[in-house]
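Visitor: I should like to go through this structure with you, term by term. Please set each value against its definition.

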There are 2 protein chains.
Amino acid sequence: MRDVARAAGVSISTVANVLNNPAVVADATRTRVEEAMAAVGFVRSGPARQLRGLPSRLVGSVTLDQANPFYAELNRGIEDRLDEAGCLVLACSTDIQPDKELRILRLLEEQSPRGIIVTPTGENLEQFEAIARRGTPVVLLDAPRGALDLCAVAVDHVAGGRLAGEHLLGLGHRHIAFVSATWDVPPVRDRLEGLRRALGEAGAQMPVEVRMDQGDLYRGTEEAVLALLALDPSPSAVVCLNDVAALALVRALERRGLRVPADVSVVGYDDVPFAAHVQPALTTVRRPIRNLGRIAAELLLAESTPTHHHEEQVFRPKLVSRATTAPPSSLHSAASGRRPR
Amino acid sequence: MRDVARAAGVSISTVANVLNNPAVVADATRTRVEEAMAAVGFVRSGPARQLRGLPSRLVGSVTLDQANPFYAELNRGIEDRLDEAGCLVLACSTDIQPDKELRILRLLEEQSPRGIIVTPTGENLEQFEAIARRGTPVVLLDAPRGALDLCAVAVDHVAGGRLAGEHLLGLGHRHIAFVSATWDVPPVRDRLEGLRRALGEAGAQMPVEVRMDQGDLYRGTEEAVLALLALDPSPSAVVCLNDVAALALVRALERRGLRVPADVSVVGYDDVPFAAHVQPALTTVRRPIRNLGRIAAELLLAESTPTHHHEEQVFRPKLVSRATTAPPSSLHSAASGRRPR
DNA sequence: ATGAAAGCGCTAACAC
DNA sequence: GTGTTAGCGCTTTCAT
């Protein structure tokens, strides 16, 4: 700004005025200053403005893994809304490691961003309240607000799990397994809980949980399939924690000679973009991914309005029936205690 | 820092010393200051540090669309390398709109980030040199360095297109189409160019280009398939600009009763994570996506070393032969001028 | 309509 | 070992 002022032969505050209050500046002066800005290649300093207390244009988005199709899509929703407000997304992945999450949150907080949208890795949600108290608004994603003094956008995963269960029950399945991951996270536990409730209320057998190592998608799914087949009675259907796992599982099942859905039904979760385009197309529990992101960004932006009250938006997922589910094979329904080979 | 100093009964510079030069501070004082920091809930101000000229911890990543599996994966590679250096990624999408790209670049530059990694939407690469001249290092991704005074990580897409062509020629295909998008971007043009060269050298018929509207994946692919079928001779194989398009095309082909690869072969591009897991698994031209991101981040970080020289890293893609390609059906090879119904 | 001056939170060079 | 001070680029109040 000093350079611009000198080049235009005016004071620094006049330059400031053409920037922040152009109406107050004489037309001739303004033009001169604008030309000077172009000539000098002037770029306003965000950090300096922030130091003066103006709102930051940065928003943190902390997800479990931005490469995962679900979070990639979510971040895009966040970006779209923030872009409308002239803000930028800081995309971070925790890999479900609480210490990495902590480190990232600290780093983010140091940038004094406009706020942070976070998908927590664990149960310890107080740390987010602490961040908010220190002055950086936090909105929780995929975590219930509970008693917290924060905004949240949540999905009723218990209802989602129930939806998956009821769909399979309706098709006649009685032995249903749940494939989870080696790590644990409340949204996944809730899906299993919902499935449990659906099966319990129908008097069906409780779901067996098989954990799949997603670190090595290939070996992990092979082992999960073996574990599934080793069950007695072997399940006629399996609900997966998400679509990525479901797709991998379908392939592993097929490699072992089992047909989906003829021999085993599979239901995914999320309805990520590829779910409708794989073969067979995934039956899945849909949540409006991009919109989740938009709403989270919306709540975050609203935090800076004077009359703001914290708010929770809860989404109810829907079942999308496609081609990976069907009634159980005669083998399963005729002799449910028998294991097909 | 003032609050911390007061709480610890020391001066501000002592607080600064425990932060930046802890060795020089007496143990007792240091502990006292550290306790005060915890009590006050002290968070260092990034903006203030930057104002003092210290390196920023922010790096911009400007891609065509961060929700696209290719860029999601790329950003993860960038994030992984930056994380090691304590830096954060600002993930932006241009949607291939030059004006949006310009706006985002400006916004990014205002944050005075450590640098910007950009996948350009167009041919006008001088703007990036201008940004670099103004002090924000830029590394080009998926664009050739050319005569530019910038770092770049590029992929030899001409070689990639050629690979796809040679693979299909080797299987016996002579009539090959190329599916591009409604927009144009140099990396895609290069793939077509490579394909052209391969076919030309083999004396095969030049590829026909069919543009697919990716805005509406469903209708876009339907129309693309119709256009493909309307060709005379109808192609026995098609090369797609990327894996997302390839997957959609395979599905649309199947909906029209054509089998892949029995009736038509399809080759994708990129080898995104799902490519190996769809059915039939995509034959594709692979580039090391995550690594591309890592290297780009690496080059960017290296810009701040004193002895830095701009550098270009060129990657040569590889063909991954999977299940969407096979020799042409007898129909095609017997009567190449005839169109199957 | 334009300019002078203070201060945001921090760092670094220097004095004590 | 600890404190004093100047200044990074900007905004804003107040004077002219």
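Guide: Let us begin with a definition: the expected span of a helix is 1.5 Å times one less than its number of residues. Helices (H or I, at least four residues) and strands (E, at least two) are DSSP runs, numbered from the N terminus. This is a predicted model, in which local features need pLDDT of at least 70, side-chain atom pairs count only at pLDDT 80 or more, and totals for chains, interfaces and linings use all residues. Residues are numbered from 1 along each chain as its sequence is written, chains are lettered from A and ligands numbered from 1 in the order in which they are written, and side-chain values use heavy atoms, with hydrogens and water left out.

Visitor: How do you know that the span of helix α12 of chain B agrees with its 14 residues?

Guide: At 1.5 Å a residue, α12(B) (residues 289–302) should span 20 Å, and its end C-alpha atoms are 20 Å apart, so the two values agree. Among the buried residues of α12(B) are I289(B), L292(B) and L301(B).

Visitor: Why is T283(A) called buried?

Guide: Buried means under 20% relative accessible area, exposed over 50%, partly exposed in between (1.4 Å probe, protein chains only). T283(A) has 0% relative accessibility and therefore counts as buried. This residue is found in strand β10 (residues 283–286) of chain A.

Visitor: What makes the pairing of the T283(A) and T325(A) side chains a polar contact?

Guide: A polar contact is a pair of N or O atoms within 3.5 Å; within protein, one must be able to donate a hydrogen and the other to accept it, and residues adjacent in sequence count only if both atoms are side-chain atoms. The contact between these two side chains is 2.9 Å, so it falls within the cut-off.

Visitor: Which residues come nearest to DNA strand D?

Guide: A residue is near a strand if one of its heavy atoms lies within 4 Å of it. Of the 24 residues around DNA strand D, the nearest are R52(A), S13(B), T14(B), T29(B) and R52(B). One phosphate oxygen is 3.2 Å from a side-chain N or O atom of R44(A), while a base nitrogen is 3.3 Å from a polar backbone atom of A48(A).

Visitor: How do you know that the two copies are related as by a two-fold rotation axis?

Guide: A rotation of 180° with 0.0 Å of shift along its axis superposes chain A on chain B (RMSD 0.1 Å). The copies are thus related as by a two-fold rotation axis. They are superposed by least squares on the C-alpha atoms of residues with pLDDT of at least 70 in both.
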